Amino acid sequence: MDDLVEFLVARIMDDNHAYAYVVGTLGGEALLDSHLPMLDLIEQLANDYKAMDPSDSRSVGLAYALRVLGQSYAEHPVYQEEWRP
């Protein structure tokens with residue numbers, strides 16, 4: 001599961017860099033309908049999972065949620081089929 005969390009955080013960083021490029025090229029208004037707030041929330045979930053004790057009853061549900069969110073990057077060459085929920 002740690003591999004999936006690292007994968008998600010790396011993809012979020014890639015996406016944030018892409019959005020920064022768009023802002024630099026087209027201006028801030030280009031991001032009005034962007035997914036940046038969602039990316040921030042996913043990163044927060046990943047960080048919460050890393051900080052959570054494995055015995056915490058919420059960890060199973062959070063792990064499942066991260067697996068579902070990870071599917072949005074299923075076409076990425078590093079994505080592993082074992083991460084599917």
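Colleague: Let's begin with the overall layout. How many helices and strands does the chain have?

Modeller: The predicted model has three helices and zero strands. Following the sequence, the pattern reads α-α-α. The C-alpha trace spans about 45 × 25 × 15 Å along its principal axes. Of the 85 residues, 28% count as buried. For contacts between residues at least 6 apart in sequence, 51% join residues at least 24 apart.

Colleague: Thanks! Now α1: what span should its 25 residues have?

Modeller: Helix α1 covers residues 2-26. At 1.5 Å a residue, α1 should span 36 Å, and its end C-alpha atoms are 36 Å apart, so the two values agree. Just after α1 comes G27, with a positive phi of about 100°.

Colleague: How do I read a helix for its buried side?

Modeller: The general idea is the helical repeat: an α-helix has 3.6 residues a turn, so residues three or four places apart point the same way. Here, the buried residues of α1 are L4, V5, F7, L8, V9, R11, I12 and Y19. Their packing partners are α2 and α3.

Colleague: Next, helix pairs. What describes the way two helices pack?

Modeller: Two packed helices are described by the angle between their axes and the distance between the axes. Take α1 and α2 as the case: they pack at an angle of about 155°, and their axes are 10 Å apart. Because angles over 145 degrees count as roughly antiparallel, α1 is roughly antiparallel to α2. The crossing of α1 past α2 is left-handed.

Colleague: Which residues of α1 and α2 make that contact?

Modeller: From α1 the contact uses D2, V5, V9, I12, M13, D15, N16 and Y19, and from α2 it uses L36, L39, I42, E43, A46, Y49 and K50. By class, the residues of this α1 and α2 contact are 10 nonpolar, one polar and four charged.

Colleague: And at what angle do the axes of α2 and α3 cross?

Modeller: Helix α2 (residues 36-51) and helix α3 (residues 59-70) have axes that come within 10 Å and cross at roughly 140°. That angle makes α2 oblique to α3. The handedness of this crossing, α2 past α3, is left-handed.

Colleague: Which residues meet there?

Modeller: On the α2 side, I42, L45, A46, D48 and Y49 meet S59, L62, A63, L66 and L69 of α3. The contact of α2 with α3 has eight nonpolar, one polar and one charged residues.

Colleague: One last stop, after α3. Does E81 count as buried or exposed?

Modeller: E81 belongs to the segment after α3. Its relative accessibility is 51%, so E81 counts as exposed.

Notes: Residues are numbered from 1 along each chain as its sequence is written. This is a predicted model: local features need pLDDT of at least 70, side-chain atom pairs count only at pLDDT 80 or more; totals for chains, interfaces and linings use all residues. Side-chain values use heavy atoms; hydrogens and water are left out. Axes are lines fitted to C-alpha atoms, for helices over the stretch in contact, and angles run from 0 to 180 degrees between N-to-C directions. Helices (H or I, at least four residues) and strands (E, at least two) are DSSP runs, numbered from the N terminus. Angles under 35 degrees count as roughly parallel, over 145 as roughly antiparallel, 65 to 115 as roughly perpendicular and the rest as oblique. A crossing is left-handed if the near helix is turned anticlockwise from the far one by less than a right angle, and right-handed if clockwise. Contact means heavy atoms within 4.5 Å. Ala, Val, Leu, Ile, Met, Phe, Trp, Tyr, Cys and Pro count as nonpolar, Asp, Glu, Lys and Arg as charged, and the others, Gly among them, as polar. The expected span of a helix is 1.5 Å times one less than its number of residues. Buried means under 20% relative accessible area, exposed over 50%, partly exposed in between (1.4 Å probe, protein chains only).
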